[in-house]
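Here is a short report on the fold shown below. Please keep the structure open while you read.

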Amino acid sequence: MGQEIPVFLINLARRPDRLETMVGRLQGTPFERVDAIDGRELSSAQLAAYTGGNGEPEVSTSEAACALSHRKIWKRLLSENIASACIIEDDVLLSDDFPKLMKDDAWLPDEFDLIKLETMKVKVYLARDIVLQAEERELRFLNSFHGGTGAYVVSRSGAKALLKATESIEHPIDNLIFETARKRGAVEVMQVVPAPCMQDMLSQDGGSISDIAPDRSLEPVEEKPRGLKKILREGGRPIRQLADAGRRVANRRMVVPFS
């Protein structure tokens, strides 16, 4: 028997209705509400400072506020010496066994950076090898972009790496984590299959749109190459195609189910 995984719920002060909904979905799971940064209260000067201050910001106020809300919790993991924690937003559906997963951390690997708990119902690449098997759920390395920051478990070392990777918020937070930081090797990301969490907007009835980051995309944000970078990219196309073929052999491409 391990220890309980601390759960931090990001919730806007102006959305007590969502807090009430999440209390029901958590089914008695202990959690701490974290006051979300409100994009409506960020000035243009603050937004420019948070996103590097180079010309026009590349992210919206809601995207910047979402990133800052997550960074607030990562900082707490370091300052309070918390080994790992589950971070969820206030618009996620939770499986019936979510409380059981949070009650005992024995299913977590001894060392890890980041474990994605949610699915966005899009095709992703997952390593064929299983890292761990916990009853009907598997842990596999995530080897492609999988958007959303609705639910994940992060370790203290992962939080430290993510804080460094998001010092400048020039893209949406899920792109910074699951595309840029992952591809650069700053963090290793695992995926729980089936996923015990899913954003409300993906439910059969359409659910509700996130207030924390309503304009987040399911696709990674790609920087448009210019000049020499564009020439090099075009010249490297055959190499990328070969690498893609190798990735299909080493990975399973699938839609992570919610259960």
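## Loops and sheet

Asn81 sits in the loop that connects H3 and S3. Helices (H or I, at least four residues) and strands (E, at least two) are DSSP runs, numbered from the N terminus. Keep in mind that this is a predicted model, in which local features need pLDDT of at least 70, side-chain atom pairs count only at pLDDT 80 or more, and totals for chains, interfaces and linings use all residues. Residues are numbered from 1 along each chain as its sequence is written, and side-chain values use heavy atoms, leaving out hydrogens and water.

Glu135 also lies in a loop, between S8 and strand S9 (137–141).

| Residue | Positive phi |
|---|---|
| Asn81 | about 55° |
| Glu135 | about 55° |

Asn81 is exposed, with a relative accessible area of 55%, and Glu135 counts as exposed at 58%. Here exposed means over 50% relative accessible area, buried under 20%, and partly exposed in between (1.4 Å probe, protein chains only).

Now to the sheet: 8 strands make an open, mixed sheet in the order S2-S1-S3-S10-S5-S11-S9-S8. Its edge strands, S2 (32–35) and S8 (132–134), each pair on one side only. Two strands pair if DSSP finds at least two bridges between them. S1 (residues 7–11) pairs with S2 in the parallel sense over 4 bridges, and Leu9 stands opposite Arg33 in S2.

Finally, a cis peptide bond joins Val193 and Pro194, with omega about -10°. Pro194 belongs to the loop between S11 (189–193) and S12 (197–199).
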